[in-house]
2 protein chains.
Amino acid sequence: MNRLFHVPLSPFCRKVRLVLAEKKIEVELVEERYWEQDADFLRRNPAGKVPVLKLNGMFLAESQAICEYLDEVEPTPPLMPRNPEERYEVRRLCGWFDDKFHNEVTRNLLYERVNKKITGQGYPESRNVKAGSRAVKVHLDYLHWLLDQRRWLAGDAMTLADFAAAAHLSALDYISDVDWNRSANVKDWYAKIKSRPAFRNILADQVPGFPPPGHYADLDF
Amino acid sequence: MNRLFHVPLSPFCRKVRLVLAEKKIEVELVEERYWEQDADFLRRNPAGKVPVLKLNGMFLAESQAICEYLDEVEPTPPLMPRNPEERYEVRRLCGWFDDKFHNEVTRNLLYERVNKKITGQGYPESRNVKAGSRAVKVHLDYLHWLLDQRRWLAGDAMTLADFAAAAHLSALDYISDVDWNRSANVKDWYAKIKSRPAFRNILADQVPGFPPPGHYADLDF
């Protein structure tokens, strides 16, 4: 049985879940309390992070490495373009979200508001939350600028870059930290990706103690 | 003229410099005071980070995206294997170094001791330096374990994973933060990679106020 060890609101886990669902690879989802660094878990992934994917007997870690692997072994639908310049742009944007957006926004909003409480690390630091609220606006404006020139984030086709971005934004949307009225084209892009069958599983997530707002799972938000 | 906007001790810049040199792509190195977030620099890379590579008129950012792009457009010598499982392992290890090693070691040692001073952010926090000193041992033991089973980090051929690791370790070695006596096979691996012509340029780095130790550029260290 294929399994994904994950936590529901982790954007890195969500990116992998979206890619698995697009590729129609069925997995059992297993919630992993990775912060407890349980010995069994560390055997599966010495890095001690989620996601960890058990696929055909192998244990795979690092979300970007997993997603590119999945795209190489299961090319339908393709999530990486063929041309090196276009592939570069997809990887640049995955790096943008998984590094810059993660550090400036996800860490300051989601981790302060949710992860700290779940992992018993206390209360949100208001300085960090303020920095995150400022940064998310700048990032939404950058998305707006990209989508003013392109149908999807990295070009005219949907790619892994769209899933990397949607993984972070959907996790923030779960705690109402995305202002969808800031840009019509960002909202249209998110509506397109949110209505894909691959997204259903993510929209059904429920984290105890943090009920999602009504618009979270609504396709007409 | 191709140009790399960089800082000498940045492991991400060093990874790109090593790949460029292996591929025999000549670039002019331009030191970039990225922390000043100069408007020209932000036009070249809105992420505000180094490295930024100007190549054939394009500006490229995000070290992993740049390295994979360089390997795709200039395949000699190949730094990515052909087989998807082996490619996955290279990318997993690049993620290991650029995320886990970076956060646990590079940030706590190099950034505390050098970057803080250069960017005017004050003195090293001894708690962080201690955490970095503990973590580097764990990582060297992990490298030892890998190299006990493999000639190079990701398998039997030299790959991008070796350059990602060597980029971090060489920057730490510049401030004498790597104990090469901890593992003979890690030392042998580093000696092999350090003696490559692509490494020469990195061994010639000089950062004002931080003279390198004698063994840094010595191939027989």
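What follows covers the annotated domains, the contact between the chains, some helix pairs and a few backbone details.

First, the ground rules. This is a predicted model, in which local features need pLDDT of at least 70 and side-chain atom pairs count only at pLDDT 80 or more, while totals for chains, interfaces and linings use all residues. Residues are numbered from 1 along each chain as its sequence is written, chains are lettered from A and ligands numbered from 1 in the order in which they are written, and side-chain values use heavy atoms, with hydrogens and water left out.

In an unreviewed entry, UniProt lists "domain: GST N-terminal" at residues 1-78 of chain A. UniProt positions are given in the numbering used here, feature names are shortened, and annotations may be inferred rather than shown by experiment. That span is 37% helix and 21% strand, and its end C-alpha atoms lie 24 Å apart. Helices (H or I, at least four residues) and strands (E, at least two) are DSSP runs, numbered from the N terminus. The unreviewed entry also has "domain: GST C-terminal", at residues 83-215 of chain A.

Now the two chains together. How much area do chain B and chain A bury between them? The figure is about 2200 Å², with 58% of it on carbon and sulfur atoms. Buried area is the accessible area (1.4 Å probe) that two parts lose on being put together, summed over both. B:E72, B:Y88 and B:R91 supply 25% of what chain B buries against chain A, more than any other three residues. The contact, meaning heavy atoms within 4.5 Å, takes 25 residues from each of chain A and chain B.

One helix pair spans the two chains. Helix α4 (residues 84-118) of chain A and helix α3 (residues 63-73) of chain B have axes that come within 9 Å and cross at roughly 165 degrees. That makes α4(A) roughly antiparallel to α3(B). Axes are lines fitted to C-alpha atoms, for helices over the stretch in contact, and angles run from 0 to 180 degrees between N-to-C directions. Angles under 35 degrees count as roughly parallel, over 145 as roughly antiparallel, 65 to 115 as roughly perpendicular and the rest as oblique. The crossing of α4(A) and α3(B) is right-handed; a crossing is left-handed if the near helix is turned anticlockwise from the far one by less than a right angle, and right-handed if clockwise. Residues making this contact include A:Y88 and A:R91 of α4(A) and B:Y69 and B:E72 of α3(B). By class, the contact of α4(A) with α3(B) has 6 nonpolar, no polar and 6 charged residues. Here Ala, Val, Leu, Ile, Met, Phe, Trp, Tyr, Cys and Pro count as nonpolar, Asp, Glu, Lys and Arg as charged, and the others, Gly among them, as polar.

Within chain A, α4(A) also packs on helix α5 (residues 126-147), their axes coming within 8 Å and crossing at roughly 150 degrees. That makes α4(A) roughly antiparallel to α5(A). This crossing is left-handed. Among the residues that meet are A:W96 and A:F97 in α4(A) and A:H139 and A:Y142 in α5(A). The contact of α4(A) with α5(A) divides into 13 nonpolar, 5 polar and 5 charged residues.

Last, the backbone. Most residues other than glycine have a negative phi, and most peptide bonds are trans. The bond from A:T76 to A:P77 is cis, with omega near -10 degrees, and A:P77 sits in the loop between α3 and α4 of chain A. In chain B, the bond from B:V50 to B:P51 is cis, with omega near 0 degrees. A:Q37, not a glycine, has a positive phi of about 50 degrees; A:Q37 lies in the loop between β2 and α2 of chain A.
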